[in-house]
Amino acid sequence: MFTVIRYSLRNSRGAIIGWGIGLAALAIMMGSLFDMMAGSNEMMDMMNAYAATMPEFAEIFNMGAMNTPIGWLDVEYFSFMPLIIGLFATGAGASLLALDEEGGTLDLILAHPVSRTVLFWGRFLANTLVIIILLLISWASLLLTMTWSENFTLPAFELLLPFISLFGIMLFFTTLSLLFSMLLPARRTASMLAGMLVVASFFITLLAGVVDELERAADFSPLTYLETATAIEDGLNLVWFGIFIAIDLVLVLISWQLFQRRDVRVGGEGSWRLQDLKTIFVKI
Amino acid sequence: MSNQKAIEIRGLVKNYGRVKALKGVDLDVNCGEIFGFLGPNGAGKTTAIRCMLDLIRPQNGSISMLGINPQEEPEAVKERVGYLPGELHVDENMTARQVFHFFNRLRGNRSDWGFIEELSERLKLELISPIKNFSKGNKQKIGIVQALMHKPELLLLDEPTSSLDPLMQQEVLRMLAEAQDNGATVFFSSHIISEVQAVADRVAIIREGKIVEVAVTADLLHRSMRQVRIRFQQPTEAEELYKLPGVELIAKDDSMGILLQVEGQMDVLIKTLAKYPVNDFETERTSLEEIFLAYYNGKEDK
């Protein structure tokens with residue numbers, strides 16, 4: 001298991017460095033911009049003008065709260081962060097095993113005395129670790145910003161809580177994408193489908209506050225349950241976090257069973273694997 | 001060579017959707033032998049090998065590898081087997097050395113690094129360059145070294161000499177013979193018949209998912225057809241010759257020469273031929289290639 005995790009992390013070095021730099025830059029930029037916002041009366045006047053003339057727009061982005069660090073982060077950082085890291089999560093989930101299978105390298109790895117279970121869970125744990133590392137880089141970058149910012153200050157632990165909430169939801173998209181990769185003919189199709197769900201969830205959640213027709217749909221949108229400002233102020237809702245972790249676990253267990261049963265391809269794209277799913281339900 | 005079976009396959013069936021890749025394969029490979037698995041592309045060679053390693057699951061039939069069922073204990077089988085896939089794909093950003101380190105770790109660091117270097121040196125394999133700069137032949141060498149490096153009891157090699165130059169092909173065949181000398185069983189698929197003929201103790205011929213022949217290579221060659229070229233001293237009508245049982249006229253060079261194909265004993269032909277004034281008589285045993293082609297042309301359909 002350790003060799004599989006180590007090898008997977010080694011292969012993720014580029015992703016960690018690339019995404020890590022990008023996410024750190026985003027966090028530092030957003031944290032630093034708060035000083036400009038908080039110290040500018042003109043900016044606040046502009047926000048108030050938005051609220052007066054375009055109340056729906058102001059409500060979507062919670063503009064009234066932007067003069068506090070929590071409100072600023074809620075609006076400017078955590079609105080877009082799930083979309084950005086969600087696309088990473090879906091790509092990583094779909095590539096977890098299907099990338100090697102399509103590249104033909106899985107065949108030779110599995111010809112060695114490493115069980116499918118060890119390979120699957122080793123890869124999954126490594127991928128989960130990569131997501132955690134990226135979220136920690138983002139959190140640490142915000143903390144770093146606080147060292148020079150005059151106005152942007154938040155307690156470190158409380159600031160970690162939205163990232164924990166984000167982790168549960170990102171893991172959901174990773175495991176969903178992984179499941180798709182076990183069922184669909186190609187990794188790209190799986191990644192694209194899961195990515196579309198991330199984008200759809202983002203817009204449904206964003207617009208549900210002002211479009212009444214989307215309120216019911218928002219109940220089924222994972223990003224609706226992302227806690228940002230509320231987590232910092234009131235603590236993490238462990239029930240929802242637990243529900244997401246449970247769903248993640250179910251999805252990953254189904255994927256694991258599918259991987260146990262599947263014929264490993266020599267390379268290239270395969271065919272639909274929905275019949276594999278049927279075998280699991282028949283067994284249950 | 002012991003009688004214990006290294007590979008025992010019964011009624012193996014594998015379908016890919018509507019495509020029937022294996023239609024009930026039965027095969028026994030004895031411990032310590034070099035076994036050639038002949039067949040053209042698409043005959044089912046790779047499918048059979050991948051079933052043996054539990055990379056794909058058959059719909060029916062049973063497999064025993066070194067006495068172990070690979071569907072039940074795949075790791076126990078893979079522990080003792082060295083495998084070279086027909087199409088070798090490795091992480092091309094790594095060097096050959098890193099690939100061997102990785103595979104060695106997956107095997108619990110069982111391999112002797114000195115042996116890995118020795119194999120690499122014999123194959124003139126560069127260990128420290130990134131694989132993405134390698135030619136197809138050099139990538140194949142990586143596959144051969146990783147299959148041999150832990151000195152497995154059973155080698156499953158899918159077209160081991162493909163992409164290699166003739167000198168390297170000879171070197172690989174020597175390595176297989178040495179592995180056999182050290183007690184290993186070698187099962188290799190190929191469509192290069194000359195190499196199977198050169199090293200295999202026994203061969204199986206697979207056609208359209210079915211084994212059509214399993215035989216000791218030498219026996220197969222001996223009991224097979226021969227070609228007999230006869231040159232008479234004068235124009236001769238020797239219809240009597242090719243009407244003999246097991247004799248078939250292949251060609252007439254001119255009125256003085258004929259080419260016959262003879263199946264079985266030569267005795268009757270030689271005795272009959274004694275009546276004729278013969279200038280020259282040449283006999284040539286059919287190569288494994290011709291036998292193989294005969295199966296594929298349906299002449300020896302079982």
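Q: At what angle do helix α9 and helix α13 of chain A pack?
A: This is a predicted model, in which local features need pLDDT of at least 70 and side-chain atom pairs count only at pLDDT 80 or more, while totals for chains, interfaces and linings use all residues. Residues are numbered from 1 along each chain as its sequence is written, and chains are lettered from A and ligands numbered from 1 in the order in which they are written. Helices (DSSP runs of H or I, at least four residues) and strands (runs of E, at least two) are numbered from the N terminus, and axes are lines fitted to C-alpha atoms, for helices over the stretch in contact, with angles from 0 to 180 degrees between N-to-C directions. On that basis α9(A), residues 156–183, and α13(A), residues 238–261, have axes 9 Å apart and pack at an angle of about 20 degrees.

Q: How is the direction of α9(A) relative to α13(A) described: roughly parallel, roughly antiparallel, roughly perpendicular or oblique?
A: The two helices pack at an angle of about 20 degrees. Angles under 35 degrees count as roughly parallel, over 145 as roughly antiparallel, 65 to 115 as roughly perpendicular and the rest as oblique, so α9(A) and α13(A) are roughly parallel.

Q: Is the crossing of α9(A) and α13(A) left-handed or right-handed?
A: A crossing is left-handed if the near helix is turned anticlockwise from the far one by less than a right angle, and right-handed if clockwise. By this rule the passage of α9(A) across α13(A) is left-handed.

Q: Which residues of α13(A) make the contact with α9(A)?
A: Two residues are in contact if their C-beta atoms, placed from the backbone, lie within 7 Å. From α9(A) the contributors include Ile164(A), Gly168(A), Phe172(A) and Leu179(A). From α13(A) they are Phe241(A), Phe244(A), Ile245(A), Ile247(A), Asp248(A), Leu251(A), Val252(A), Ile254(A), Ser255(A), Leu258(A) and Phe259(A).

Q: Which helix supplies the largest share of the side of chain A that touches chain B?
A: The contact takes 17 residues from chain A and 18 residues from chain B. On the side of chain A, α1 (2–11) and α7 (105–110) each supply at least two residues. The largest share, four residues, comes from α7(A).

Q: Which strands stand at the edges of the six-stranded sheet of chain B?
A: Two strands pair if DSSP finds at least two bridges between them. The open sheet has the order β5-β6-β7-β3-β8-β9 (chain B), with mixed pairing. Two of these strands have a single partner strand each, so one side of each is left without a neighbour in the sheet: they are β5(B), residues 81–84, and β9(B), residues 210–216.

Q: What is the handedness of the crossover from β6(B) to β7(B)?
A: Helix α6(B), residues 166–181, lies across β3, β6 and β7 of chain B. The strands β6(B) and β7(B) pair in the parallel sense over five bridges. A crossover is right-handed if, with the strands pointing away from the viewer, the path from the first strand over the helix to the second runs clockwise, and this β-α-β crossover, through α6(B), is right-handed.

Q: Which strands of chain B are the edge strands of the three-stranded sheet?
A: This open sheet has antiparallel pairing and the order β2-β1-β4 (chain B). Strands β1(B), residues 5–16, and β2(B) pair over nine bridges. The strands that pair on one side only are β2(B), residues 19–30, and β4(B), residues 60–65.
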